[in-house]
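Q: Please walk me through this model one feature at a time, with the general idea ahead of each case.

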Amino acid sequence: MEKTTTPKTNTVFAREVKEGLSSYPKHLSSKYFYDEIGDKLFQQIMALPEYYLTRAEYAIFEQHKTEITASFSAPHVPFNLYELGAGDGTKTKLLLKGLLAQNYQFEYRPIDISANALAQLSTSLTNELPNVSVQPIQGTYFDSLKEMGQTQEKKKVILFLGSNIGNLNHKLAVEFLMNIAHILNKDDLFFMGMDQKKHPRTILNAYSDASGITAAFNKNVLTRINNELGGNFNLDNFIHWESYNPETGTAKSYLVSKIAQEVTIEALEQSFEFDAWETIHTEISQKYDDAMVHQMAEDAGLRVVNQFTDANSTFKNYLFTIA
């Protein structure tokens with residue numbers, strides 16, 4: 001594949017790719033799905049008939065918008081509304097409109113690893129909700145939490161929507177929640193979306209759609225390696241594969257090598273061998289139930305103060321404070 005940029009050797013991306021492809025089993029982080037192409041693919045995924053998560057959370061916001069926004073703050077109390085992994089902000093705009101309608105005093109601080117996503121969100125908010133004060137922050141979840149912990153001038157309400165917590169394994173998820181608890185003051189709040197356990201086929205279909213968009217999204221990490229690190233992955237030599245364990249509630253995505261092959265990455269000055277049917281683990285999508293959520297909260301020093309769900313209990317948004 002043609003290289004579109006000069007390979008960059010000394011980057012976090014390069015180091016993590018080297019570590020992941022040198023491991024057994026091989027793995028790559030799902031955070032590298034996202035660039036301009038990956039952002040567009042994920043927007044398409046959210047519109048797929050199989051991908052129920054976005055519609056379910058949107059339905060929650062439509063049905064419970066007033067109750068949700070009223071739980072964030074009193075109208076006369078100014079606060080900072082942070083959002084981790086803001087994306088295109090489609091669902092969040094429902095809450096922002098509700099806050100504006102009730103004259104809440106807030107500044108919206110969307111956080112995303114993708115500069116492209118933040119730029120698009122800022123532009124759309126300027127056009128659609130010009131009265132919202134927006135301060136975008138580019139960075140990872142963990143880096144952003146450190147920055148939030150140093151900001152104490154106003155009450156904090158932190159949004160973490162779309163079941164993004166499910167992309168972390170249990171240990172990292174509890175660690176993440178502990179970090180949240182560490183930066184919350186007495187009146188601060190954490191509002192998080194968590195996909196619920198349900199029929200296994202429904203979950204499998206959501207991450208392996210018939211049109212192949214999720215497969216292209218999964219393979220985008222290989223495209224990025226080719227373009228940014230001088231790799232020579234042939235995407236046709238890999239298939240997207242999804243698994244789901246209904247006992248643990250864990251869905252996992254893989255790229256599976258269809259043939260024995262060798263891939264060279266110029267920036268790493270290294271080649272990596274693949275056996276036929278060898279896997280690269282790329283993503284985890286954890287599903288939850290109330291018992292799991294309350295236990296995780298307790299382990300992290302948080303407590304659930306409210307929860308909101310759609311008509312079929314497909315998805316839930318939980319509101320937390322420090323224990």
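**Reading the model**

Q: How many nonpolar, polar and charged residues are in the lining of the second largest pocket?
A: The lining has six nonpolar, three polar and three charged residues. Here Ala, Val, Leu, Ile, Met, Phe, Trp, Tyr, Cys and Pro count as nonpolar, Asp, Glu, Lys and Arg as charged, and the others, Gly among them, as polar. Keep in mind that this is a predicted model, where local features need pLDDT of at least 70 and side-chain atom pairs pLDDT 80 or more, while totals for chains, interfaces and linings use all residues. Residues are numbered from 1 along each chain as its sequence is written, and side-chain values use heavy atoms, without hydrogens and water.

Q: Which residues line the second largest pocket?
A: A pocket is an open set of points on a 1 Å grid over the protein atoms alone where a 1.4 Å probe fits, with protein on both sides within 12 Å along at least five of seven lines; lining residues have an atom within 4 Å of a point. In this pocket they are T11, V12, F13, K31, Y32, Y34, D35, I113, S114, A115, N116 and R224. At least two of the lining residues come from each of α1 (12–22) and α5 (115–128); helices (H or I, at least four residues) and strands (E, at least two) are DSSP runs, numbered from the N terminus. The space in the pocket is about 260 Å³, a volume filled by probe spheres set on the points, which are joined across faces, edges and corners.

Q: What is the order of the strands in the open sheet?
A: Strands pair if DSSP finds at least two bridges between them. The four strands run in the order β1-β12-β9-β8, with mixed pairing. β1 (26–27) and β8 (238–245) are at the edges with a single partner strand each, so one side of each has no neighbour in the sheet. β1 is parallel to β12 (residues 279–286), joined by two bridges, and H27 has H281 as its bridge partner in β12.

Q: Which helix lies across β8, β9 and β12?
A: That is α9 (residues 213–229), at about 115 degrees to β8. Axes are lines fitted to C-alpha atoms, for helices over the stretch in contact (heavy atoms within 4.5 Å), and angles run from 0 to 180 degrees between N-to-C directions.

Q: How many aromatic pairs does the structure hold?
A: Rings of Phe, Tyr and Trp (its six-membered ring) pair if their centres lie within 6.5 Å, and planes under 30 degrees apart count as stacked, over 60 as edge-to-face and the rest as tilted. The structure holds 19 such pairs. F61 and F191 make a tilted one, with 6.2 Å between centres and 35 degrees between planes. F61 sits in helix α3 (residues 52–72) and F191 in strand β7 (residues 189–195), 130 residues apart.

Q: Where does the backbone deserve a second look?
A: Most residues other than glycine have a negative phi, and most peptide bonds are trans. Y24 and P25 are joined by a cis peptide bond, with omega about 0 degrees, and P25 is in the loop between α1 and β1. S163 has a positive phi of about 60 degrees; its loop connects β6 (155–160) and α7 (170–183).
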